[in-house]
Amino acid sequence: MQKRTFLYAAILFSACNTQPPVAKDALKPAVVTEVTPHDTDDPAIWIHPTHPDSSLIIGTDKDSDGGLYVYDLSGKMLREKTVRPLKRPNNVDIVQNVKIGGKTMDIAVATERETNSIRIFSVPDMRPLDNGGIEVFTGEQERGPMGVALYHNTADSAVYAIVGRKFGPKDAYLWQYKLEADAGGNITGTVVRKFGKFMGGKEIESIAVDAKLGYIYYSDEGYGVHKYHANPAKGNEELAVFGLKEFKEDVEGISIYQSTDSTGYIIVSNQQENTFNFYPREGVSGNVHQHTLIGKLPFSTVSSDGSEVTSVQLGNSFPKGVFVAMSEGMVFHYYDWRDIEKRLLKK
């Protein structure tokens, strides 16, 4: 009955909500997940350490009665792992094989906008680790958290959450929290820096970290993509801004595909066009901070806010990795990277 209700809700939503058209030559997803009850927003990928084909997709259902929904690689919802209710969870990110409080773990961190908190869960069991949540942007007038990305600094093993908010100032829009454990084993967060320019007009939601190269990227929705160092010890200098005139309207979800340790793609949702813009992760020859548009690809996702990608082989279905994108209709789409690569090679 629950599945039938979700499906009916998706059909009704689609019929009543006018969306930009999907191009005839749009890439088709290999998998479409079961629907959530309310409104999908952002996915994250957990890679099984020994059986990659048993990896999981964790996605937010953005509602006051929302939650984190867990899917297998066939798109089946694993209801026993669902975390709900959460008060409007917007974005989610995952970091694996990190040590916090002397314990090695994999964690998922989600923003919970209506409680002004971030929530932390162990993966894959989805057990809470935060004693009910970590308040963010304390002392600020505008607090509601939206975007979140995790950074593991392998040089000193520190783990950080970079958090954005619904509204914020022209500078110091993002706050970076160091995640540690208290005496009871609960994870806590301590502010270590406040940074990030905002050009105004819309908001900042999507944040992505390239941990291997040590950079943070975030979407200033009405402007472009900003780039900073991920390590707070390297300061708050803005390294680049790109994508300034290459989006129909909103600059949205960011994900990073690693072809090698230093090359790959920065993928950004061109929301109102139902395309994704592709930029070189490594920059251009002589300037690692110059990210010039490679091209746009049309996808079957509709009005996509959030996405995530991995180049890790996930069994026979996704031998070169998977790209996961939120789509209207309360679902997530999985794309076989091989299909994307074929289109990119034609650019």
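A charge is said to sit over a ring if NZ of Lys or CZ of Arg is within 6 Å of the ring centre and within 35 degrees of the ring normal. In this predicted model, Arg-193 meets that description, for it lies over the face of Phe-195 at 3.9 Å from the ring centre. A further case involves Lys-227, whose charged end is placed over the ring of Tyr-215, 4.1 Å from the centre of that ring.

The rings also pair with one another. A pair of aromatic rings is described by the distance of the centres and the angle of the planes. The structure contains 18 aromatic pairs. One of them joins Phe-276 and Phe-299 in an edge-to-face arrangement, with 4.8 Å from centre to centre and 75 degrees between the planes. Phe-276 and Phe-299 are both buried.

Phe-276 also pairs with Phe-323. The centres of these two rings are 5.1 Å apart and their planes stand at 90 degrees, so the pair is edge-to-face; planes over 60 degrees apart count as such. Here too, distant parts of the chain are linked, since Phe-276 is in strand E20 and Phe-323 in strand E23 (residues 322-327), 47 residues apart. Phe-323 is buried, as is Phe-276.

Elsewhere, ring pairs connect several residues into a cluster, which comprises Tyr-257, Tyr-265, Phe-278 and Trp-337.

Notes. Residues are numbered from 1 along each chain as its sequence is written. This is a predicted model: local features need pLDDT of at least 70, side-chain atom pairs count only at pLDDT 80 or more; totals for chains, interfaces and linings use all residues. Side-chain values use heavy atoms; hydrogens and water are left out. Rings of Phe, Tyr and Trp (its six-membered ring) pair if their centres lie within 6.5 Å; planes under 30 degrees apart count as stacked, over 60 as edge-to-face and the rest as tilted. Buried means under 20% relative accessible area, exposed over 50%, partly exposed in between (1.4 Å probe, protein chains only). Helices (H or I, at least four residues) and strands (E, at least two) are DSSP runs, numbered from the N terminus.
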